[in-house]
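Please have the sequence and the 3D view open.

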Amino acid sequence: ALEVARAGGDRQGEWRALHALGMLWAARDYQRAGRFREDALAVARTIDDPALVAHSLNRVGNWYVNRERPQEGIPHHDEALAIFERAGDERGVAETVDLLAMAYHLAGEQEASSALYERSIELFTALDDRRGLANALGVFVLCGPSHQTSAGPAATSSQTEEVLSSERPVRLASEIGWRAGEAFTRYLLADCLAWRGEYARALRIARESLSIALELEHLEWQSGARRVLGHIALDLCAPHEALAPLESAHAVARRLGSATWTRWTGAPLAIALARAGHPERATGLLDEVDRLVASPSDVSSGVHGTLGQQQLAFARAEVMLTRDDPVGALAAIDGADRGRVPRAALLSARALVELQRWDEATEALDLARAGSRQQNARSLLWRIDAVQGAVHLGMRQRLEARRSFDAARAAAFDLVTGVDDATLVAAFRAGVDQVAPPPPEPTISQATKAAYGGLTRRERDTAALIAQGKSNRAIARALGIGERTVEGYVAAALAKLGFESRAQIAVWAAEQGLSAPGTTGSPYTS
């Protein structure tokens, strides 16, 4: 079509062919797609057709965004938006606002992105554009608490929970038969759900996304789905199981030539490599990504840069912790807003524990806990309790440490309810045991005490004699103790068993088969 249009001098046809080729190659080769989009923009400006110029500006802007240069893409979208607004083109305005929202999302500015997505949702709803609406709703929730945005401040919106619970973006894509949209919106929702610790549901949706993307041979969404599956495996303390999907996702990103996806997949892959025992390879990978995706001189680096740069900074901190370099880990995320980024607060706490700076670690954990509760990030909350236990141990507060570890274990094991992957569940249980160790096996005396309502040996003796109808004075003579001491044992037994009378103790002792001291057949020995 492009050859025919050029041969016939059909500039409109030439633009349409270039525009379509740019769209087609975007899912396979970003570099090639960019050339078609730039050519289409040049043709549109030659024709002097404002609508075609605006459409091309949006495509070129989006190309810059996906090349990890959102700051260069935003002016293109701004120019396109002005053209569409002057022309009163509501559909063009809606599409441009949506693309601007994506640009700010990738730039790491989630509040601005979320506000723009809310506007695009209103516009697409008014136009009854269900495809645009599905896309906007999907990325809108991703601007909120998610693995995607975990290295920077997330946006907050009252609509997020409703979209997640209803899976509305997926339903909209399915209703119009938009299979690529189904793959796209599914892995977006899975990312958010995993951050909330809803692993069974997240696994199901991410697998569905990958299946559709494979069916369509859509490389970008294959990379996205595999990245989410890798994140879930990392969350479930299974770095070896995370390697395969993350390596595949990263290979696709490299094949596409997508700078954004190269960063997005390189960060979790580096974490998986480090946790799997390959910290040198992890560091090498991060260095390689930095070489492949050089940032423009006017773009800040580290946790203040693009979303991809934020993720890489946090990945470096994670890798440094596995290399026993807590000082380097703290430096990697220096400047992160720990009050708004619970992952940053938790990483800081882990590094501070290694440095035995207990008070600072506790302060960081308090920030992490408050932020995680605000985000409903159950994927972090159990880990915060586990690190809190480590702080208590370091301060020789063993009872407090045990309470923190027990809280961590209870919260953690609840997260894998319904997860159908036995390998992931086993790895998770082992991982939890490592950072929040189970309580020691009880002694025979402790086990016996637990078996009999928490009653001590003397309290059980007293209960057995009560069952024989003995008075406190008789019990005192039998046990060789004072009558006041017997009264104390009776009161303790009533409290522990939740009873109100000696008669209830007598019935309970008989049911338990307790025998008085000195008789045969006693069910306890200590």
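Which residues of α23 are buried? They are L424, V425, A427, F428, G431 and V432. Bear in mind throughout that this is a predicted model.

## Helix α23

Viewed down the axis of α23, the buried residues lie within an arc of 165°, so they line one face of the helix. On the other side, A422 and Q434 are exposed. The cover over the buried residues of α23 includes α12, α13 (219-235), α14 (239-256), α21 (378-394) and α22 (398-415).

As for its dimensions, α23 spans residues 422-435, which makes 14 residues. The distance from its first C-alpha to its last is 20 Å, close to the 20 Å expected at 1.5 Å a residue. At the start of α23, look for D421: one of its side-chain oxygens comes to within 3.0 Å of the backbone nitrogen of T423.

## S209 in helix α12

Now turn to α12 (residues 199-216), one of the helices covering α23, where you will find S209. With a relative accessible area of 0%, S209 is buried. Beyond its neighbours within four places in sequence, S209 contacts A183, R186, Y187, W221 and A225.

## The nonpolar cores

The largest nonpolar core holds 119 residues, and the members touching the most others are Y117, Y187, W221 and I232. Helix α11 (residues 179-195) gives the most to this core, with 10 residues.

Setting aside neighbours within four places in sequence, Y117 is in contact with D98, A101, M102, A136, V139, F140 and C143. Another core, of 20 residues, lies apart from the largest one and includes I466, A506, A509 and L514.

Key
Residues are numbered from 1 along each chain as its sequence is written. This is a predicted model: local features need pLDDT of at least 70, side-chain atom pairs count only at pLDDT 80 or more; totals for chains, interfaces and linings use all residues. Side-chain values use heavy atoms; hydrogens and water are left out. Helices (H or I, at least four residues) and strands (E, at least two) are DSSP runs, numbered from the N terminus. Buried means under 20% relative accessible area, exposed over 50%, partly exposed in between (1.4 Å probe, protein chains only). Contact means heavy atoms within 4.5 Å. The expected span of a helix is 1.5 Å times one less than its number of residues. The arc is that of the directions from the helix axis to the C-beta atoms. A polar contact is a pair of N or O atoms within 3.5 Å; within protein, one must be able to donate a hydrogen and the other to accept it, and residues adjacent in sequence count only if both atoms are side-chain atoms. A nonpolar core is a set of buried Ala, Val, Leu, Ile, Met, Phe, Trp, Tyr and Cys residues joined through side-chain atoms within 4.5 Å.
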